[in-house]
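Me: I would like to learn to read this structure, one feature at a time. Please begin with a single residue.

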Amino acid sequence: TNWSVEVGTNSTAVKDSLNALISCVKDTTDEEFKEQIGNYLDLQSAIDYYIHCYADCGLDSLAKNMLIGTYDLKKWYMGRYDMDAVWGLWWDGSKFVTATYRCPEDYQEQFSLLWERIEALYYEEIKARYAVLRSGALSLPNIVSRFERFMDVIGLDLYAEDLTIYTGIPSGSTINIKQIRDFVRDRLVYVD
């Protein structure tokens, strides 16, 4: 009941496929889970998704803003959506959280059997993949340079103009490249 079809048509086949994934998560032993979950969920996308949510402090992304998609009604793939609560920013821009914001204990979705099982049963795989990502995509220089390039395209004048139109964003004057750079640096140290 807590899922909706965003693209395509809701059907019995979609429900049955999603319920097969859910059943694998909730109705299997640890050994069965490890044997079967790959039939229903692309583990690489799930591990990458979890690492991304942990690293960028995606406080409302472990369930509420999680997209899953399937091409064949058998295996599901994870995808990010609505990333307004990342890199320390509260979802409405009203405040910041610390770089040591715990995942999942402090996140909006604190309890997820899927993530509990993946974290417990694929700990070594998560750790190894994180090391790979930290040396490239999730390195501090890569993340900061991508923010800088994006912000350069928009320009300071347009950011200032935006704040005159949207005056209700409390953090508008404090979200800048320094805040982002400092948070990313401190968050990655914490996650490491």
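Reply: Take tryptophan 87. Its relative accessibility is 11%, so tryptophan 87 counts as buried. The classes rest on relative accessible area with a 1.4 Å probe and protein chains only: buried is under 20%, exposed is over 50%, and partly exposed lies in between. The model is predicted, so local features need pLDDT of at least 70 and side-chain atom pairs pLDDT 80 or more, while totals for chains, interfaces and linings use all residues. Residues are numbered from 1 along each chain as its sequence is written, and side-chain values use heavy atoms, without hydrogens and water.

Me: Where is tryptophan 87, and what is its phi?

Reply: Tryptophan 87 sits in the loop between β2 and α4. Its phi is positive, about 50°, although tryptophan 87 is not a glycine. Leucine 73 is another non-glycine with a positive phi, about 60°. Leucine 73 lies in the loop between β1 and β2. With a relative accessible area of 38%, leucine 73 is partly exposed.

Me: Which peptide bond is cis?

Reply: The one from cysteine 103 to proline 104, with omega near 5°. Proline 104 belongs to the loop between β2 and α4.

Me: How many helices and strands are there?

Reply: The chain has 8 helices and 2 strands. Both are DSSP runs numbered from the N terminus: helices are H or I with at least four residues, strands are E with at least two. Read from the N terminus, the order is α-α-α-β-β-α-α-α-α-α. The C-alpha atoms fill a box of roughly 55 × 35 × 25 Å along the principal axes.

Me: How do I read one helix?

Reply: Start with its span. The expected value is 1.5 Å times one less than the number of residues. Helix α1 (12–26) has 15 residues and should span 21 Å; its end C-alpha atoms are 20 Å apart, which agrees.

Me: Which residues of α1 are buried?

Reply: First, the general idea. An α-helix has 3.6 residues a turn, so residues three or four places apart point the same way. In α1, the buried residues are Val14, Ser17, Leu18, Leu21, Cys24 and Val25. They cover an arc of only 115° around the axis, so they sit on the same side of α1. The arc is taken from the directions between the helix axis and the C-beta atoms. Thr12 and Lys26 are exposed on the face turned away. The cover over the buried residues of α1 includes α2 (30–40), β1, β2 and α4.

Me: What about helix α6?

Reply: Helix α6 covers residues 140–154 and reaches 22 Å from first C-alpha to last, close to the 21 Å expected. Ile143, Val144 and Met151 are its buried residues. They fall within an arc of 90°, so they line one face of α6. On the other side, Pro141, Arg146, Asp152 and Val153 are exposed. The buried residues of α6 pack against α7 (156–165) and α8 (177–191). After α6 comes glycine 155, with a positive phi near 85°.

Me: What is a core?

Reply: A nonpolar core is a set of buried Ala, Val, Leu, Ile, Met, Phe, Trp, Tyr and Cys residues joined through side-chain atoms within 4.5 Å. The largest one here has 46 residues; Leu21, Phe33, Ile37, Leu41, Met78, Trp115 and Ile118 touch the most other members. Helix α3 (residues 43–55) gives the most to this core, 7 residues. Now look at isoleucine 37. Beyond its neighbours within four places in sequence, isoleucine 37 is in contact with Leu21, Cys24, Val25, Leu43 and Tyr122. Contact means heavy atoms within 4.5 Å.

Me: And how are pockets found?

Reply: Rolling a probe the size of a water molecule over the atoms shows where empty space is left. A pocket is an open set of points on a 1 Å grid over the protein atoms alone, where a 1.4 Å probe fits, with protein on both sides within 12 Å along at least five of seven lines; lining residues have an atom within 4 Å of a point. The largest pocket has a volume of about 1200 Å³. That volume is the space filled by probe spheres set on points joined across faces, edges and corners.

Me: Which residues lie nearest the centre of the largest pocket?

Reply: Asn2, Trp3, Ser4, Leu18 and Ile68, out of 38 lining residues. Helix α1 gives the most to this lining, with 8 residues.
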